[in-house]
Amino acid sequence: MLPWFQNAFPLYLAPMAGITDKIFRRLCKEQGADVMVTEFVSAEGIFRKNARTVEYLDFDDTERPLGVQLFGADPDHLGEAARLAVDWVRPDFLDLNFGCPVNKVVARNGGSALLKDCPLLERVARSVVRAASPCPVTAKIRLGWDRASRNATTVARLLEDAGIQAIAVHGRTRDQGYSGQADWEAIAEVVRTVRIPVIGNGDLGSPGDVARRREESGVAGAMIGRAAMSAPWIFRAVRGFLKTGDLLPPPSLEDHWAFIRRHCQLVVEERGSERAAMHSMRTRLMAYSHGMPAARDLRHRFSHLESLAELDAVADECLRHARSS
Ligand SMILES: Cc1cc2nc3c(=O)[nH]c(=O)nc-3n(C[C@H](O)[C@H](O)[C@H](O)COP(=O)(O)O)c2cc1C
């Protein structure tokens, strides 16, 4: 069994392309996330070793256990890419993406498109498991391609037989995108079908959600995505709640701003250009504004930010206003 499941209920930060970069993973790790997965990379990206891929595969030892997520549909190519990735960065595991709904990916038969072609999915999984050995391989799936062809239990069984060591299940079909609600009963069905650990994913937004879904479904771990974008401290809160049943108070407004400031500062240091860094942070700041006072106004201000000094001015004003009201 993967060591992070032994006597533990690991909290995964969900892989999110464009979001879960090295800096954000570091911040989430500090907030108590246990397991990290990189943004997805293609076999071709690994063969070419282009700058993007080098950046995607870069991680710190402090992030371990960490998995490199691969997508693709050619079993031999992906096997070769898996071996290269393992030799190159020595991750704790590889993760196969069979869940991505994005057109660009499914048009090349990658991501969730493989849920429609179980024989190919099985060949991909077997090829990667063989090539990556002894590095363990896990997989991330959705419930199926569409409502009429939900096949998560069949896919999970195939993956288990192919040597996959854990499966994360996002409780939606591909055609649902992110609409509707994740179906945790379907996730529970997968838990009942396989012996390997199943990680539940979809709409976990609070410590109570995680505790309830764990109890109802019997998942061996939880994966949190969008909720962590606006509140990375959710991992600490979940951990505390599962341990003691007590809800930690949310961070103070001062701490919330300090967190945002640090995230921006780290991105500025990495990018070199303050302006480019602050531009790249705009969508992230929108997410951080959830639950803050006067969030609408803040979002408007964030959409024009060009520097850390401007961010500080917005923060000062917000804090002053909060203290006086
Ligand atoms: C912006 C964004 C990017 C994503 N990128 C990936 C990805 O690269 N690989 C992957 O397996 N899932 C990806 N996902 C899906 C998430 O990992 C997760 O399954 C989904 O957001 C549901 O979990 P949540 O309700 O906790 O957000 C992405 C989701 C979002 C919102």
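**View 1. Asp255 in helix H12 of the predicted model.** Asp255 lies in helix H12, which covers residues 253-271, and the model in which this helix is seen is a predicted one. With a relative accessibility of 46%, Asp255 counts as partly exposed, because that class holds the values between the 20% limit for buried residues and the 50% limit for exposed ones. Between Asp255 and His321 there are 66 residues in sequence, and their C-alpha atoms are 16 Å apart in space.

**View 2. The protein chain as a whole, as a setting for the close-ups.** The protein chain contains 16 helices and nine strands. Its radius of gyration is 20 Å, close to the 20 Å that the globule rule gives for 325 residues, so the chain is as compact as a globular protein of that length. Taken along the principal axes, the box filled by the C-alpha atoms of the chain is roughly 65 × 45 × 35 Å. Among the contacts in the chain with a separation of 6 or more, 69% are between residues 24 or more positions apart.

**View 3. Phe98 and the nonpolar cores.** In soluble globular proteins, nonpolar side chains tend to be buried together. The largest nonpolar core of this model has 99 residues, and the members that touch the most other members are Leu94, Leu96, Phe98, Leu159, Trp257 and Leu311. When residues up to four places away in sequence are not counted, Phe98 touches several residues, among them Gly111, Leu114, Leu115, Leu121, Val124, Ile141 and Leu159. The residues touched by Phe98 also include Lys140 and Arg142. A second, separate core consists of 12 residues, including Ala14, Val35, Phe93 and Met223.

**View 4. Ile167 in strand S7.** Ile167 has its place in strand S7, which is formed by residues 167-170, and at 0% relative accessibility Ile167 counts as buried. Leaving aside residues up to four places away in sequence, Ile167 touches Ala139, Ile141, Ala156, Leu159, Ile196, Pro197, Val198 and Ile199. Ala113 is 54 residues from Ile167 in sequence, and the two are 17 Å apart in space, C-alpha to C-alpha.

**View 5. Helix H1 and the glycine that follows.** Helix H1 spans residues 22-30, and its buried residues are Ile23, Phe24, Arg25, Leu27 and Cys28. Just after H1 comes Gly32, which takes a positive phi of about 105°.

**View 6. Lys116 in the loop between H5 and H6.** The loop that holds Lys116 runs between helix H5 (103-106) and helix H6 (118-132). Lys116 has a relative accessible area of 53% and is therefore exposed. Although Lys116 and Trp145 are 29 residues apart in sequence, their C-alpha atoms are 6.2 Å apart in space.

View 7. Arg64 and Pro65 are joined by a cis peptide bond, with omega at about 0°, and Pro65 is found in the loop between helix H3 (51-57) and strand S4 (66-71). The peptide bond from Ser133 to Pro134 is also cis, with omega near 10°, and Pro134 lies in the loop between H6 and strand S6 (137-142).

**View 8. Positive phi values at Arg90 and Asp203.** Arg90, a residue other than glycine, has a positive phi near 50°, and is found in the loop between helix H4 (75-89) and strand S5 (93-98). Asp203 is not a glycine either, yet has a positive phi of about 65°. The loop that contains Asp203 lies between strand S8 (198-201) and helix H9 (207-217), and with a relative accessible area of 35% Asp203 is partly exposed.

**View 9. Arg301 in helix H15.** Arg301 is found in helix H15, made up of residues 295-302, and counts as partly exposed at 26% relative accessibility. Apart from residues up to four places away in sequence, Arg301 touches Val314 and Glu317. Arg301 and Phe5 are 296 residues apart in sequence, and the distance between their C-alpha atoms is 43 Å.

Definitions and conventions:
Residues are numbered from 1 along each chain as its sequence is written. This is a predicted model: local features need pLDDT of at least 70, side-chain atom pairs count only at pLDDT 80 or more; totals for chains, interfaces and linings use all residues. Side-chain values use heavy atoms; hydrogens and water are left out. Helices (H or I, at least four residues) and strands (E, at least two) are DSSP runs, numbered from the N terminus. The radius of gyration is taken over C-alpha atoms; the globule rule is 2.2 Å times the number of residues to the power 0.38. Contact means heavy atoms within 4.5 Å. A nonpolar core is a set of buried Ala, Val, Leu, Ile, Met, Phe, Trp, Tyr and Cys residues joined through side-chain atoms within 4.5 Å. Buried means under 20% relative accessible area, exposed over 50%, partly exposed in between (1.4 Å probe, protein chains only).
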